[in-house]
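Please read it with the structure open beside you.

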Amino acid sequence: MKFCAKCGKEIRDEAVICVHCGCAVTPPDAPSNTNDASNTGFFLLGFFLPLAGLILYLINKDTSPKKAKSAGKGALIGLIASVAASVLYLIFWMAIYGTIVGSILGSLM
């Protein structure tokens, strides 16, 4: 006996449709996606171009979930890294600008 993926109730092994909820049941001999594996290329593309990583995630999430997860992780990590780099860049230039402005104002007074 197997269980329905939607309602969780027990159904016959040869069932095509769940008798409890009417949901279609995946046949046991359905071919799995053997070409689906984590992909470093998708991760790197997502890291350097987060929008492309998001698009790859949305396109592949149903057909190749591992590749989609790699692209999504890369996009998320890339986005966080770019925000952190922007904040550090802003702090650095504010410190430099503050030092320059302070020295100019100090010399004027």
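1. **Aromatic rule.** Two rings of Phe, Tyr or Trp count as a pair if their centres lie within 6.5 Å, with the six-membered ring used for Trp. Planes under 30 degrees apart are stacked, planes over 60 are edge-to-face, and the rest are tilted. The model is predicted. By this rule it has 3 aromatic pairs.

2. **F47 and F48.** The ring centres of F47 and F48 are 5.0 Å apart. Their planes stand at 85°, so the pair is edge-to-face. How exposed is F47? F47 has a relative accessible area of 26%, so it is partly exposed. F48 reaches 61%, so it is exposed.

3. **Y89 and W93.** Here the ring centres are 6.1 Å apart and the planes are at 65°. That angle is over the 60 degrees that the rule asks for, so the pair of Y89 and W93 is also edge-to-face. Both residues lie in helix α3, which covers residues 65-108. They are 4 residues apart, about one turn of the helix. An α-helix has 3.6 residues a turn, so residues three or four places apart point the same way. Y89 has 55% relative accessibility and counts as exposed. W93, at 42%, counts as partly exposed. Which residues form the aromatic cluster? Y89, F92 and W93 do.

4. **Helix α3.** This helix has 44 residues. From first C-alpha to last it reaches 64 Å, close to the 64 Å expected at 1.5 Å a residue. Which residues of α3 are buried? They are K67, A68, S70, A71, G74, A75 and G78. The cover over these buried residues includes α1 and α2. Helix α2 spans residues 50-60, and α1 spans 40-48.

5. **I80.** I80 is also placed in helix α3. Is I80 buried or exposed? With a relative accessible area of 54%, I80 is exposed. I80 and P50 are 30 residues apart in sequence. Their C-alpha atoms are 9.7 Å apart in space.

6. **Nonpolar core.** Which residues make up the largest nonpolar core? It has 5 residues: C4, I11, A15, C18 and V25. Take C18 and leave aside its neighbours within four places in sequence. C18 is then in contact with C4, C7, I11, C23 and V25.

7. **A5.** A5 sits in the loop between β1 (2-3) and β2 (10-11). Its relative accessible area is 87%, so A5 is exposed. A5 and T63 are 58 residues apart along the chain. The separation of their C-alpha atoms is 18 Å.

8. **D13.** This residue is in the loop between β2 and α1. D13 has 42% relative accessibility, so it counts as partly exposed. What does D13 touch, beyond its neighbours within four places in sequence? The contacts are M1 and K2. A polar atom of the D13 side chain lies 3.2 Å from the backbone nitrogen of K2. That distance can be set against the 3.5 Å cut-off for a polar contact. T63 is 50 residues from D13 along the chain, and their C-alpha atoms are separated by 25 Å.

9. **The chain as a whole.** How many helices and strands does the chain have? It has 3 helices and 2 strands. Along the sequence they follow the pattern β-β-α-α-α. The radius of gyration is 26 Å. The globule rule gives 13 Å for 109 residues, and the chain is well over that, so it is more spread out than a compact globule. Along the principal axes, the C-alpha atoms fill a box of roughly 90 × 30 × 15 Å.

10. What share of the 109 residues is buried? Buried residues make up 18% of the chain.

Conventions
Residues are numbered from 1 along each chain as its sequence is written. This is a predicted model: local features need pLDDT of at least 70, side-chain atom pairs count only at pLDDT 80 or more; totals for chains, interfaces and linings use all residues. Side-chain values use heavy atoms; hydrogens and water are left out. Buried means under 20% relative accessible area, exposed over 50%, partly exposed in between (1.4 Å probe, protein chains only). A nonpolar core is a set of buried Ala, Val, Leu, Ile, Met, Phe, Trp, Tyr and Cys residues joined through side-chain atoms within 4.5 Å. Contact means heavy atoms within 4.5 Å. A polar contact is a pair of N or O atoms within 3.5 Å; within protein, one must be able to donate a hydrogen and the other to accept it, and residues adjacent in sequence count only if both atoms are side-chain atoms. The expected span of a helix is 1.5 Å times one less than its number of residues. The radius of gyration is taken over C-alpha atoms; the globule rule is 2.2 Å times the number of residues to the power 0.38.
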